[in-house]
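I'll jot down what I look up as I go.

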Amino acid sequence: MILFLLDFSNFDFDQLFAMNDDSNPIMMLVWILPIILFVFYGQRIQLYVTSGEIKKAIKKLDSFREESRDELIDYVKKNTIPENDPTVKLDRFLDYFTIMPVDMDPNGIVDKVRHTVRAREDYTREHIRTLSPQISDFELTKVQTLLEIASSLQMIFKIVNHMFLTAKKQNNYPLILPLQMILPFIMEQAEAMNEAIPAFKSGQPVGDGIGPMIVGKMMLNCEKETISFQTILAKTDFEDRHLFLLKAEGPGSTVGRPADALEKITAENSIDTIIMIDAALKMEGEDSASVAQGFGAAIGGIGTERFQIEAVATTKNIPIFSIVVKQSVKEAITLMTKDIADKADETRLQVYEMIKDNTKQGQSVVIIGVGNTVGVPQ
Amino acid sequence: MIFSNIFSKKKITIAYTVVVCSKCNMQRKRKFTIGDVLFSESSKCSSCDGISVIEKIFGETFEQ
């Protein structure tokens, strides 16, 4: 019926495009002006549209930066009894930067990175102690984490603002494109960091603490010793296997130094298997708190700990098995969700199963609970 | 964007502590209080004379 109404053989092209002599000049302008406008000013228009969105994000980042700074200063003043007003010193700490070693010659780069990062951590720790000499180790780890969060948020704000202002100053739209593309990911990280502050202030376990939570429970009623900096070792037996349980020293906010601890254990004992339990970032579409098993060292961070663990395992020919609890960036650094906490017992049973499946009686296993142990003692 | 801001509900997270009696295994969920850490002794069990130990600490998010 409709086909009868449309006559495809009778188009008047002159009328359609209005290019004949009697066409309306105003209509011509309506056609041509936007084309000229978009050809010459298209990028600039896009820049204005995009910059509106980026400006909103920068405003949000600025508020995160300000809030995290205020929270840090407020926490230090209320909880650590500083000798003098800590504001000036803390502001100085927030601006500290780390220059990573030159990687043109990558030989020995891991040792250099480890040295730089540890030097920064040691420096920060000692300077927080100078603010308040009576501060307990537990409070010190919390202040150190809050300082890291505030410092990271400050750095994110500065970088995003710099990229935006440079693009705007140069009227350079292509320069703003990478920022526009990466901004949602940056905002996700920044929002997660901002929401992590209350959990660290209150000493509550975070999603990343699932590994220490599982190993911490396995350590209960065992004799414990400090094996490396902020890292605890407990020895126990399970079905005729010797277990070396490792986790960061809780309930402070620290990840410890599991690689140093593993190096010491393997130097003094014959180890047959390493099992690592950690939180892992879930992919989009994956269920939060789902548990997965695999091979290789499950440990995040800058990569130096993983490198050291892999080096020890390779030298001594020890297989590494991993169990991970999947979660989002936000879940990993904010207060542990019920779903993740509920998976602790199930994952612990999987660890015991893994020990039985992969080792024989009389063998030794190192079990490492990887992650931030805030709110999780042993 | 405007509508999403108007209609989006504010989310609040409340921290809870789950304590388990080491004698009768009775579980009790209460609001988190500062000083709560996992595996520490929390209080006397309300149903027997056992000691309750903190088993879990987690957050639950609600929309306002």
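**Entry 1: a hairpin in chain B**

I started with the hairpin of S1(B) and S2(B): it has five residues between the strands, and B:Asn25 among the hairpin's residues takes a positive phi near 60°. Strands here are DSSP runs (E, at least two residues), helices are runs of H or I with at least four, and both are numbered from the N terminus. I also noted that this is a predicted model, where local features need pLDDT of at least 70, side-chain atom pairs count only at pLDDT 80 or more, and totals for chains, interfaces and linings use all residues. Residues are numbered from 1 along each chain as its sequence is written, while chains are lettered from A and ligands numbered from 1 in the order in which they are written.

Next I checked the pairing, which requires that DSSP finds at least two bridges between two strands. S1(B) and S2 (residues 27-31) of chain B run antiparallel and are joined by five bridges. I picked out B:Val18, whose bridge partner in S2(B) is B:Lys29. S1 (residues 11-21) of chain B also pairs with S4 (residues 51-63) of chain B, antiparallel over 11 bridges. There I found B:Tyr16 opposite B:Phe58 in S4(B).

**Entry 2: the sheet in chain A**

I then followed an open sheet of seven strands in chain A, with mixed pairing and the order S1-S2-S3-S7-S4-S6-S5. Which strands stand at the edges? They are S1 (224-228) and S5 (291-295) of chain A, each with a single partner strand, so one side of each has no neighbour in the sheet. From one strand to the next, the twist averages 25°. Angles run from 0 to 180 degrees between N-to-C directions, and axes are lines fitted to C-alpha atoms, for helices over the stretch in contact.

S4 (residues 273-281) and S7 (residues 364-369) of chain A run parallel, with five bridges between them. For A:Ile277, I found the bridge partner A:Gly369 in S7(A). Helix H9 (residues 258-268) of chain A packs on the sheet, touching S1, S2, S3 and S7 of chain A, and its direction makes about 105° with that of S1(A).

**Entry 3: two domains in chain A**

The domain assignment gives domain 1 (43-202) and domain 2 (207-369) in chain A; such bounds come from an automatic or database assignment. I noted 29 Å between the C-alpha centres of the two domains. In contact are 18 residues of domain 1 and 12 residues of domain 2, where contact means that C-beta atoms, placed from the backbone, lie within 7 Å. H7(A) gives the largest share of the domain 1 side, nine residues.

**Entry 4: two helices in chain A**

Last, I looked at H3 (residues 25-79) of chain A and H7(A), whose axes come within 10 Å and cross at roughly 20°. The two helices are therefore roughly parallel, a label for angles under 35 degrees. Among the residues that meet are A:Leu47, A:Ile54 and A:Phe64 in H3(A), and A:Leu183 and A:Met187 in H7(A).

**Entry 5: where the chains touch**

How many residues of chain A are in contact with chain B? I wrote down 17, against 13 residues of chain B. On the chain A side, H8 (210-219) and H12 (338-358) are the elements that give two or more residues, and H8(A) gives the most, with three.

Key: Two residues are in contact if their C-beta atoms, placed from the backbone, lie within 7 Å. Angles under 35 degrees count as roughly parallel, over 145 as roughly antiparallel, 65 to 115 as roughly perpendicular and the rest as oblique.
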